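Hi,

Here is the structure I promised to pass on.

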Amino acid sequence: MSDEVRGPGDVRGSGDVRGWLSPKAVAAEAGVSQEFDLSQCVREPIHLLGGVQSYGALVAVRLCDAVMDTVSRNAGEVLGRAADELAGEPVTELIGDEQWALARESTEVAGPGEGAAGSSDGSAASGVLSLSLESGDGRARPFDVTVHRVAELLVLEFEPRAADGPFVFQNFYPRVRRALHRLQGAAGVTECCATAVREVQALTGYDRVVAYRFDGAEGPGQVIAEALNEGREPWLGLWFPASDIPPQARRLYARNWIRVIGDVDDATVGLLPELREGTGEPLDLSGSILRTVSGYHLEYLRNIGVASSMSVSLLHDGELWGLIACHGDEPRLLTPEVRAACEFFGIALSLQLAAIAEREQADELSGYRRALATLLARLSSQAPDALLGPGSGLAGLLGADGALLVRGAEVSATGDPVPAALPGLLERLAGTGPVGEVWSSDRVPEVLGLDPAEAEAQGVPAGLLFLPFDRDGDLLAWWRREQPAPRKWAADPARPVRTGPGGERLTPRGSAAVHRATVRGRSTPWSPAQRVVAGELWREMAGLLSRQMAELEARNTVLARTNEDLDSFAHAAAHDLKEPLRGISNAAAFIVEDAGAVLDTTSLRRLTTVRRLAERMDGLLDSLLHFSLLGQVGLERQELSLDEVVDDALLVAGDRLSEQGVTVVRPAPLPRVRADRERLREVLENLFVNAAKYAADEGTGERRVWVEAVPVAEPDGEGGREVTAVVVRDNGIGIPPGQHEDVLQLFRRLHRREERGGGSGVGLAVVKRIVERHGGRLWLESPAVAPESGRGPGGGGPGTAVWFTLGATDTP
């Protein structure tokens with residue numbers, strides 16, 4: 001646990017482990033508290049444990065004055081000089097000026113303000129030096145010294161040179177080269193890791209070497225490759241809880257390629273001083289080779305029968321991808337050269353894994369791009385709406401169960417069934433990232449903090465990938481259903497701590513006690529290639545939307561200019577033509593007045609016709625002028641009583657209705673509406689006068705026109721929204737259905753001008769334009785259908801009903 005990987009353990013019996021632990025290990029275990037608090041392990045500052053492993057000694061030197069700031073307390077046993085003698089003294093008294101210069105030079109490859117190897121926090125190993133110290137008998141004692149920077153300190157870690165003599169590169173290199181060659185020949189990730197664990201075991205001699213891959217930055221891990229000596233239980237395929245390697249340990253693994261524990265029963269050596277002046281904390285040992293080991297982790301290693309271990313980090317794009325974890329049955333010290341070889345091997349393996357991933361992603365991406373090209377070729381100029389058309393293949397492009405497109409208030413989806421919570425979920429998540437950036441997760445319930453069962457009940461999809469088109473909520477999304485995945489756990493992930501010989505402890509686990517569980521709340525993961533092709537589709541659609549918007553704006557500009565020109569023309573024509581018409585009418589009148597006595601009857605009749613036609617043309621121009629002004633005058637909406645507006649209309653049209661014996665009937669009080677008062681009065685006046693022309697005598701000498709208000713559903717089906725519709729009905733001759741649109745056109749009549757009281761054919765066109773200016777709609781029904789009141793038009797013909805609404809602001 002803590003700062004190293006924990007495996008499930010060897011099968012040596014799940015009962016009393018003391019039979020195969022050394023007396024020292026048993027005593028160490030007994031010294032640990034019986035109450036185990038996992039949260040303490042997670043919070044433990046493992047880089048500030050204040051000690052080192054005893055096989056080497058540490059000296060931290062201030063760079064500003066070359067004074068030894070911190071010294072490990074075993075300096076007397078390892079270096080031949082007591083720690084209290086060295087602390088506060090110049091380092092040159094220990095290693096001399098020449099060797100101190102070499103140590104300083106080993107860190108000068110770093111840039112200004114950085115530590116060795118470019119570490120941004122000034123804590124990273126920079127390499128190994130061969131230094132020597134004089135012993136009491138005058139002989140030189142060789143040491144391998146690892147050097148790294150910690151802020152203003154240069155840390156030197158001394159390890160006595162191995163008894164088998166100096167490292168010979170020529171003897172070691174061929175073995176490493178062969179291992180790398182085998183690594184490069186591996187085809188896939190699993191084969192590559194299998195090759196790696198065999199080569200690392202051959203290099204180091206550990207009894208078990210496994211490759212361990214994490215499921216996400218903070219997730220659990222799985223053994224995907226293993227090399228082990230005979231007689232050991234296999235761990236291949238087992239999963240381990242995320243708590244086995246807490247966050248602070250993962251951060252250290254990402255910074256340091258290698259971590260070695262020589263002996264789990266080693267006594268930690270403290271530092272002098274324990275706390276550094278100025279910080280009040282122990283020396284930061286994040287980059288230390290000798291850094292001591294957490295008691296939690298040591299306890300675990302003892303419980304699984306491991307005496308020594310090594311871990312090699314595997315990184316991808318700077319993130320911790322996995323580990324090569326090594327376990328030994330006996331204490332094992334690795335020379336700096338062997339550690340360097342393993343570190344180099346870890347780097348090479350990381351690069352090879354990255355190359356394999358890039359190759360696989362490139363192959364996958366190539367296939368997706370071909371599918372994308374096919375999809376785009378199917379799209380018409382109506383895209384992106386056509387994306388969700390039959391056979392578009394949008395959902396299949398990313399192997400999703402469905403796709404959804406949001407454009408303004410319109411939501412289109414493909415896939416059955418669409419998760420109930422998806423629209424609201426997308427609205428919630430849409431503002432979490434930049435426009436055009438892919439957001440994806442294969443564990444949406446976990447992101448939302450929902451239990452998988454709860455997420456399923458609420459209709460939350462397990463997988464989601466979407467791209468925002470803009471800041472207004474337009475987006476394209478794909479979703480996936482839950483794919484429950486069975487896993488074999490080395491321990492119950494819900495109970496990573498189990499009761500053992502010493503109470504609640506970190507106890508051995510293995511396949512003999514495999515915990516089988518199904519992971520829920522997750523979908524098939526979204527691959528990097530799928531994220532890339534989704535981004536490419538967004539760019540294609542963004543370009544298409546941009547072009548469509550530009551075309552639409554251009555058309556709107558042309559249309560607005562055309563409408564403006566038409567209104568101006570109609571206004572100018574109506575205004576300018578009235579003057580010559582008046583002249584023609586007046587001239588004809590003067591001729592009749594001055595020469596009427598000498599003109600024959602035919603000439604007088606013709607002059608009278610000229611005057612009548614001029615007057616009719618003048619009326620038509622007045623109607624045209626009024627119609628053109630309706631498109632320019634603004635509306636002043638206000639809340640009105642519809643009954644009051646009807647009364648206003650009757651004040652104007654009342655005389656004409658009375659002349660024809662027509663009564664306007666209101667079967668029920670009318671509601672309030674929001675509209676322009678004058679324009680609404682004009683609508684009702686036109687409809688009353690028009691209906692009066694066709695109203696039939698009911699046999700009593702009375703003719704009636706009905707006006708009512710009825711709630712109706714909008715035909716666009718916007719959630720079943722109801723608005724107020726006003727209907728004016730008569731019981732006249734009716735209008736054939738095929739001519740309903742004709743009578744709404746300017747100057748269109750269905751009978752001769754002299755019939756039915758005359759008229760210019762402008763009234764219904766004016767009504768339609770006013771209604772549309774309000775955002776409403778107008779339609780006819782013939783035969784007239786009585787509203788829900790049930791009061792029909794009585795005797796007469798089939799009748800006509802004119803219905804209109806006043807837009808979204810109507811008050812039901």
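The accessible surface of the protein chain is about 38300 Å², and carbon and sulfur atoms account for 51% of that (areas are by the Shrake-Rupley method with a 1.4 Å probe; for residues, only the protein chains shown count as cover). Do bear in mind that this is a predicted model, where local features need pLDDT of at least 70, side-chain atom pairs count only at pLDDT 80 or more, and totals for chains, interfaces and linings use all residues. Residues are numbered from 1 along each chain as its sequence is written, and side-chain values use heavy atoms, with hydrogens and water left out.

Of the 812 residues in the protein chain, 47% are buried, meaning under 20% relative accessible area (1.4 Å probe, protein chains only). The chain has 19 helices and 29 strands; these are DSSP runs numbered from the N terminus, helices being H or I of at least four residues and strands E of at least two.

Five strands form an open sheet in the order β24-β26-β27-β29-β28, with mixed pairing (two strands pair if DSSP finds at least two bridges between them). At its edges are β24 (662–665) and β28 (778–781), each pairing on one side only. β24 and β26 (residues 703–713) run parallel and are joined by four bridges. Thr 663 has Arg 704 in β26 as its bridge partner.

Finally, helix α18 (residues 677–694) lies across β24, β26, β27 (722–729) and β29 (801–805).

Cheers

Conventions: Buried < 20%, exposed > 50% of the residue type's maximum accessible area, 1.4 Å probe, protein only. Contact = heavy atoms within 4.5 Å. Axes fitted to C-alpha atoms, helices over the stretch in contact; angles between N-to-C directions.
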